[in-house]
Amino acid sequence: MIIDCAKAKSRAKWLRYAVLALIALVVVGNVVWATGGMGTRANGDHVWVIASMSPSLDKFPGLLAIDVVTVSLIVVAGLYQLVRLMRQFEQGDFFSVRAMGHLKAFALLLLVAAIADCFLPPLILLTAHLVGMQGVRSLDFGIDGTDIWVALVSALFLTITTVMGEARKLAEDNELIV
């Protein structure tokens, strides 16, 4: 199959801009949430976003902020790897070790974000209980559909990265033979 490099580079540029906009949305979403612009229930006075989070953390805004900001930072780090990958694509560097490294880092950070989203709330609550914070009486552990889908997409990207790496090695071996 013939790839039009100019078209692929142009699409990579626009995808890079889209990912940068997504990073900005994550940051703005966290700022709006932190300033009280979002909540977990519908209210006639405001536009509320229904959020999926640990019910036990909902009672402790400071602990909830630690959870939300930590997971958001992991997601932003993953999206930044995607920005770097698109930058490689813009330069015509489609199948290099460096490009595959960015894709692999993106996939791993997505997986870490999904795992953190599951395990961080109970760890935060356990730590708060151990340091003597009042009111912490239960630990909630939950896996929702979003976590499963993110983990599956991450696994798909890791598989693609592995296949691309093997294809690159085969291409290099073929060049040496001929």
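A salt bridge is a side-chain nitrogen of Lys or Arg within 4 Å of a carboxyl oxygen of Asp or Glu. With that in mind, welcome to this predicted model, where a search of the whole structure finds four salt bridges. The structure also holds four aromatic pairs. Let's look at some of each.

**Salt bridges around E90**
- E90 forms a salt bridge with R16, and their closest N and O atoms are 2.3 Å apart.
- This pair links distant parts of the chain: E90 sits in helix α3 (residues 61-90) and R16 in helix α1, 74 residues apart.
- Both E90 and R16 are buried.
- E90 also meets R87 in a salt bridge, at 3.2 Å from N to O.
- E90 and R87 are three residues apart in helix α3, so about one helical turn separates them.
- Together, R16, R87 and E90 are linked in a network of salt bridges.

- R168 and E172 join their side chains in a salt bridge of 2.9 Å, N to O.
- Both lie in helix α5, four residues apart, which is about one turn of the helix.
- R168 is buried, with a relative accessible area of 19%, whereas E172 is partly exposed at 40%.

**Aromatic pairs**
- W14 and Y17 are an edge-to-face pair because their planes stand at 80°, with ring centres 5.5 Å apart.
- Both of these residues, W14 and Y17, belong to helix α1 (residues 5-34).
- W14 is exposed, with a relative accessible area of 57%, while Y17 is partly exposed at 35%.
- F119 and F141 form a tilted pair, 5.0 Å centre to centre with 45° between the planes.

Definitions and conventions
Residues are numbered from 1 along each chain as its sequence is written. This is a predicted model: local features need pLDDT of at least 70, side-chain atom pairs count only at pLDDT 80 or more; totals for chains, interfaces and linings use all residues. Side-chain values use heavy atoms; hydrogens and water are left out. Rings of Phe, Tyr and Trp (its six-membered ring) pair if their centres lie within 6.5 Å; planes under 30 degrees apart count as stacked, over 60 as edge-to-face and the rest as tilted. Helices (H or I, at least four residues) and strands (E, at least two) are DSSP runs, numbered from the N terminus. Buried means under 20% relative accessible area, exposed over 50%, partly exposed in between (1.4 Å probe, protein chains only).
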